[in-house]
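The sequence and the model are shown first, and the text then takes up selected features in turn.

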Amino acid sequence: MSFLWFAAVIAAFFVKGVSGFANTLVFSSIMSFGTNNINISPVDLLIGIPPNAIMVWKNKSRIDPKICVPLSLLVAAGVIPGALFLKNTDVVFIKIVFGIVIILIGIQILLQELFIKTKENTKPNPVLLAVLGVISGVMCGLFGIGALLAAYVNKTASDSSAFKANMCIVFLVDNVIRFVLYTLWGILTFESYKIALFLLPGMIAGLLLGMLVGKKLNEKTMKIVVVILLIFSGISLIVNTLR
């Protein structure tokens with residue numbers, strides 16, 4: 001087994017432990033230099049299910065049904081048509097457009113965090129959040145892109161624990177549905193399980209270290225970390241699509 005696999009999984013789940021998302025972004029970005037996506041996605045799915053379950057359980061008191069239930073339903077609705085859409089349509093342009101959208105949203109949130117002092121009782125525009133929620137749910141279901149989802153939850157969750165809880169419960173719904181579909185379609189193979197089992201210690205080590213570091217960050221720093229990862233997600237999406 002290549003050292004690259006192990007290094008990628010440690011880095012990916014360290015980021016997951018700190019921020020609550022972006023493990024697929026990091027893992028796929030590193031592995032795509034030497035491995036086909038058809039071999040990356042099944043392994044990423046298998047090693048992604050336990051961390052999402054752990055983070056949901058750890059932050060279960062911060063779960064908000066008003067946030068996670070609608071997004072979970074949107075993601076669930078997007079998975080099957082998304083698979084058919086990807087199979088029969090050129091999605092390069094769509095991914096580039098959404099990569100740009102992710103970057104712009106990330107920059108807007110970052111500037112607001114750094115330079116604009118808002119009152120605590122100021123609420124985000126509900127229409128904007130509704131549109132962003134629909135787009136983020138469908139994009140996650142269609143392409144497995146969680147960055148817009150993170151942008152939506154980042155704007156609605158009250159703190160980092162709420163952010164992680166609601167993000168991970170939606171990801172867990174997506175994981176379970178894709179696990180069933182990948183099994184039925186023969187995408188999950190014995191080799192996928194073997195690689196995932198080998199990577200399990202690296203996933204646990206990265207996740208625990210990331211969660212430990214995440215505890216040391218204050219709320220503002222954590223939010224900035226999440227936003228920077230959003231911007232990096234958009235850049236990575238464009239670069240990987242064009243490559």
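## Cysteines and the buried interior

C68 counts as buried, at 5% relative accessibility; the term buried applies under 20% relative accessible area, exposed applies over 50%, and partly exposed covers the range in between (1.4 Å probe, protein chains only). The model is predicted, so local features need pLDDT of at least 70 and side-chain atom pairs count only at pLDDT 80 or more, while totals for chains, interfaces and linings use all residues. Residues are numbered from 1 along each chain as its sequence is written, and side-chain values use heavy atoms, with hydrogens and water left out.

Another cysteine, C168, has a relative accessible area of 0% and is buried. A search of the whole structure finds 0 disulfides, a disulfide being a pair of cysteine sulfur atoms within 2.5 Å.

The largest nonpolar core has 61 residues. Such a core is a set of buried Ala, Val, Leu, Ile, Met, Phe, Trp, Tyr and Cys residues joined through side-chain atoms within 4.5 Å. Within this core, F21, F27, I47, V153, F163, M167 and L199 touch the most other members. When neighbours within four places in sequence are left aside, M167 is in contact with G20, F21, G146, L149, A150 and V153; contact here means heavy atoms within 4.5 Å. In soluble globular proteins, nonpolar side chains tend to be buried together.

L110 belongs to helix α5 (residues 92-115). Helices (H or I, at least four residues) are DSSP runs, numbered from the N terminus. With a relative accessible area of 19%, L110 is buried. Apart from neighbours within four places in sequence, L110 is in contact with I224, V227 and I231. L110 and V226 are 116 residues apart in sequence, and their C-alpha atoms are 9.4 Å apart in space.

## Salt bridges

How many salt bridges does the structure hold? The structure holds 4, where a salt bridge is a side-chain nitrogen of Lys or Arg within 4 Å of a carboxyl oxygen of Asp or Glu. Side chains of opposite charge can pair when their charged atoms come close. The table lists some of these pairs.

| Residues | N to O distance |
|---|---|
| D64 and K66 | 3.5 Å |
| D174 and R178 | 3.0 Å |
| E191 and K194 | 3.3 Å |

In the pair of D64 and K66, D64 is partly exposed at 21% relative accessibility, whereas K66 is exposed, with a relative accessible area of 66%. D174 and R178 lie 4 residues apart in helix α8, about one turn of the helix, and both of these residues are buried. E191 and K194 are separated by about one helical turn because they are 3 residues apart in helix α9. E191 is partly exposed at 39% relative accessibility, and K194 is partly exposed at 44%.

## A nonpolar surface patch

V176, F179, V180, L184, W185 and Y193 make a nonpolar surface patch of about 590 Å². Patches are made of residues with over 30% relative accessible area and no salt bridge; like charges are joined within 9 Å and nonpolar side chains (Val, Leu, Ile, Met, Phe, Trp, Tyr) within 5 Å. Accessible areas come from the Shrake-Rupley method with a 1.4 Å probe, and for residues only the protein chains shown count as cover.

Helix α8 (residues 160-184) gives the most to the patch, with 4 residues. Y193, another member of the patch, is found in helix α9 (residues 190-216). Y193 is partly exposed, with a relative accessible area of 38%.

Definitions and conventions. Helices (H or I, at least four residues) and strands (E, at least two) are DSSP runs, numbered from the N terminus.
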